[in-house]
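Hi there,

Here is the structure I promised to pass on to you. My notes on it follow just below.

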Amino acid sequence: MTPVWEEIEASGVPVAHHIGEAPQMTQYNFLPMSFVFNAGTFREMFGKYVFGGILDRHPGLQIGWYEGGINWVLSTLQDAQLAHASFRHTYNWELHHDIGHYWRNHMRASFIVDPLGLELVDRIGVDRVMWSSDYPHTESSYGYGRSSIRQVFDIAGDDRGKAIIGGNAIGFLGL
């Protein structure tokens with residue numbers, strides 16, 4: 001994959017990961033089960049970017065985690081820090097930075113509705129968070145977009161709300 005990562009890095013275009021990359025197959029209630037599992041694939045890829053050395057070898061890469069919420073970020077960082085402390089003696093690739101560096105310098109995540117994540121936004125990083133609507137999909141904010149946006153401002157405040165609702169995505173995507 002090295003040539004692929006090199007081309008992506010050279011392009012300056014962020015890598016986009018979207019919920020449902022590895023949907024769970026089940027006979028019953030597929031959609032709600034898959035919806036609950038969505039950020040699980042993000043954790044796997046986060047581990048590959050960090051522990052697999054992808055971001056160390058390609059420091060210009062930017063990664064977007066789309067529509068899987070933002071509350072998964074802190075638990076993933078916490079688990080990655082524990083794994084790093086527990087298993088670094090087994091590494092065949094030494095990380096160049098602390099775990100938080102990879103999040104703070106390479107990644108952002110988006111959400112449609114995530115009041116828990118918004119309550120944690122200062123720890124996640126306001127500049128790392130983007131709102132999305134995913135209209136017209138079933139799990140979008142269709143029918144409650146205004147209340148979803150209002151919730152962002154109610155929890156995050158005006159300045160942070162403006163960044164979360166659009167400013168951060170504009171900057172991240174270079175629009």
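**The α9–α10 pair**

Helices α9 and α10 are oblique to each other, where oblique is what remains once angles under 35 degrees are called roughly parallel, over 145 roughly antiparallel and 65 to 115 roughly perpendicular. Their packing angle is about 140°, and the axes of α9 (residues 145-156) and α10 (residues 158-173) lie 7 Å apart. The crossing of α9 past α10 is right-handed, that is, the near helix is turned clockwise from the far one by less than a right angle. On the α9 side the contact (heavy atoms within 4.5 Å) involves I149, V152, F153, I155 and A156, and on the α10 side D158, R160, G161, K162, I164 and I165. By class these are 7 nonpolar, 1 polar and 3 charged residues; Ala, Val, Leu, Ile, Met, Phe, Trp, Tyr, Cys and Pro count as nonpolar, Asp, Glu, Lys and Arg as charged, and the others, Gly among them, as polar.

Before you go further, please note that this is a predicted model, in which local features need pLDDT of at least 70 and side-chain atom pairs count only at pLDDT 80 or more, while totals for chains, interfaces and linings use all residues. Residues are numbered from 1 along each chain as its sequence is written, and side-chain values use heavy atoms, with hydrogens and water left out.

**The chain as a whole**

The protein chain has 10 helices and 4 strands, taken as DSSP runs numbered from the N terminus (helices H or I, at least four residues; strands E, at least two). Read from the N terminus, the order is α-β-α-α-α-β-α-α-β-α-α-β-α-α. Among its 175 residues, 41% are buried, meaning under 20% relative accessible area, with exposed over 50% and partly exposed in between (1.4 Å probe, protein chains only). The accessible surface is about 9,800 Å², and carbon and sulfur atoms hold 57% of that; the areas come from the Shrake-Rupley method with a 1.4 Å probe, and for residues only the protein chains shown count as cover. Of the contacts with a separation of 6 or more, 67% join residues 24 or more positions apart.

**The α3–α5 pair**

Helix α3 (residues 40-51) packs on helix α5 (residues 72-87) at about 45°, with the axes 11 Å apart. That angle makes α3 oblique to α5, and this crossing is right-handed. From α3, the residues in contact are F42, R43, F46 and F51; from α5, they are W72, S75, T76, L77, D79, A80, A83 and H84. Sorted by class, the set gives 7 nonpolar, 3 polar and 2 charged.

D79 sits in α5 and is partly exposed, at 36% relative accessibility.

**Two loop residues**

V13 lies in the loop between α1 (2-11) and β1 (15-18), and at 52% relative accessible area V13 is exposed. The C-alpha atoms of V13 and G174 are 8.6 Å apart, although the two are 161 residues apart along the chain.

E67 belongs to the loop between β2 (63-66) and α5. With a relative accessible area of 14%, E67 is buried. Its phi is near 65°, a positive value in a residue other than glycine.

Best wishes

Definitions and conventions: Axes are lines fitted to C-alpha atoms, for helices over the stretch in contact, and angles run from 0 to 180 degrees between N-to-C directions.
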